[in-house]
Amino acid sequence: MGKAKYEPLFETKKAKGRIIYRLFATSLLCGIILIWTYRLYNIPKPGENGRLGWIGMFGAELWFGFYWLLTQSLRWNRTLRHTFRDRLLQRYENELPRVDVFVCTADPAIEPPIMVINTVLSVMSYNYPPEKLSVYLSDDAGSALTFYALLEASRFSKHWLPYCKNFNIEPRSPAAYFTSLSASAQSDAHFSEIKRLYDDMANRIEVVCRAGVIPDKEKLEHTGFSKWDSYSSKGNHASILQILSDSRDEETKDVDGVILPTLVYLAREKRPQHFHNFKAGAMNALIRVSSEISNGPIILNVDCDMYSNNSNSIQDTLCFFMDEEKSHEIAFVQFPQSFENTTKNELYGSLRVIDGVEFHGMDGNGGPLYTGTGCFHRRDTLCGREFSKDAQIDLKSARPGKMEENVHELEERLEILASCTYEENTQWGNEIGLKYGCPVEDVLTGLTIQCKGWKSVYYKPERKGFLGVTATTLDQTLVQHKRWSEGDLMILFSKYSPAWYGLGKLNPGLLLGYLTYCLWSPNCVATLYYSIVPSLYLLKGISLFP
Ligand SMILES: O=c1ccn([C@@H]2O[C@H](COP(=O)(O)OP(=O)(O)O[C@H]3O[C@H](CO)[C@@H](O)[C@H](O)[C@H]3O)[C@@H](O)[C@H]2O)c(=O)[nH]1
Ligand SMILES: [Mn+2]
């Protein structure tokens, strides 16, 4: 293709209103400086009433001004992204890379299996060649109930995937699809049939989950349940790997005779004497196991409570990874975390400012954080590869061929990759894979990827890419925010602090952006002072405000 003809697969635009915002911010800065000046010139003399309180107020205002300056890095350079899927298909329809989707779940009581499989079905039915799509479910509870639900889902997928494609429906999580429809849409025979199949399946899953045991009939039908014979508890069991369908097998077809995506269940080994490293540990086990089954060069990671709401997200993302000129430095593409269960005014759990403003701002400075779900990575960068201008990543990595061994032998061989001891004396959790030891493993992992020279992309399509559930009560919100703010603060003092490790490696604007999040919790000290101390002084008749 001649240089003149080059048509990009995506474009990056400056957000509207940047000039107005900058004028506004400059006027605010003037205001802040005036407040500082006023405070400084009006400090009560030694011995006068309220001197200490006044100096404290000055300290708080200095902090607020400093923190406000940091936040400007998230607002100054907002950018928007747009993809051209038609160009991608025109140029690469037959060369699309394999994509591996990782879904994580940890507890069938908190994350009901029916919700988990709805997420799984939504990602299995992406508008993408099924022989290039593999879906892995990591079950950190190692629950036979979740496995049973996945087995049901794999049977149902033979009807669901053709239905999605034939009628081109959205969203492709069955539960979300059925609730999104109006009563008038429900007379059609195909619809009634698929709805009946889904309801039957959901019923069976509910009955089994309520009883808490797998019916003998199922156990006889699927030998996979025998792996639970040696299972003692959620925290003490061997690895369980089950390949429910393998798109390399000619037999795994749906009712229309089309190949089904690969579907794999993994419960990594858990032992009380070995620390499991939460989601990061689960993800790393998935990275290893998947590399021997499908080895997709692109990995999508979603939480089990966040389904795909847009069947074109993979194609959109590939526009960022396959552009001939601009893609080579992009390591991951983060979608916003959108929720469908927030209260009307998003009282709790709202990420509106982060998603609507701040991540666009980070994107203008080198790219957003990795926030754990709705994120596409290159396998290589997730495994620690450094950016180099000369060595471009090839998306045509080979898929491990089907070996001589049968599926049971393969499962047994790969279970070792998910054992407790596999990572001993290796760089996993450190230089390779998701990083351990931090409550926000995702943010830390994204940060170190960016410190290796890579950029990321924030992509917010018109039709939301992913929809999930979030905290809706004060106590849930407090627990979640405590974890996030603690994790971000830990990063600040860790070896990988943006303040020293990131210095010289990150774009300065991006570095300040990271600091804004890392200093989010210390910000409460000044806030508490500002909201409590002036009222106490008023009790003594002293005003700390002019
Ligand atoms: O030992 C564990 C613990 C959690 N999870 C899974 O990890 C995901 C996130 O955990 P959750 O407890 O729901 O955390 P949240 O605070 O809701 O998650 C947000 O914050 C986390 C930390 O930054 C990110 O990992 C998540 O992707 C992001 O959605 C869920 O799918 C869990 O099933 C595991 O697989 N193993
Ligand atoms: Mn969650």
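Strands β10 and β13 (residues 466–468) pair in the parallel sense over two bridges, pairing being assigned if DSSP finds at least two bridges between two strands. The model is predicted: local features need pLDDT of at least 70, side-chain atom pairs count only at pLDDT 80 or more, and totals for chains, interfaces and linings use all residues. Residues are numbered from 1 along each chain as its sequence is written, and side-chain values use heavy atoms, without hydrogens and water.

**Sheet**
- An open sheet of three strands runs in the order β8-β13-β10, with mixed pairing; strands are DSSP runs (E, at least two residues) and helices likewise (H or I, at least four), numbered from the N terminus.
- Its edge strands, β8 (306–308) and β10 (338–339), each pair on one side only.
- Phe339 has Gly468 of β13 as its bridge partner.

**Annotated binding site**
- An unreviewed UniProt entry annotates Lys279 and Asp303 as "binding site"; such annotations may be inferred rather than shown by experiment.
- These residues span 25 residues in sequence, yet no two of their C-alpha atoms are more than 9.6 Å apart, so they gather at one spot.
- The side chains of Asp303 and Lys279 make a polar contact (3.1 Å), defined as a pair of N or O atoms within 3.5 Å, within protein one able to donate a hydrogen and the other to accept it; residues adjacent in sequence count only if both atoms are side-chain atoms.

**Surroundings of each residue**
- Lys279 lies in helix α9 (residues 278–293) and counts as buried at 17% relative accessibility.
- Asp303, in strand β7 (residues 298–303), counts as partly exposed at 24%.
- Buried means under 20% relative accessible area, exposed over 50%, and partly exposed in between (1.4 Å probe, protein chains only).
- Beyond neighbours within four places in sequence, Lys279 is in contact (heavy atoms within 4.5 Å) with residues including Cys104 and Gly372.

Notes
Chains are lettered from A and ligands numbered from 1 in the order in which they are written.
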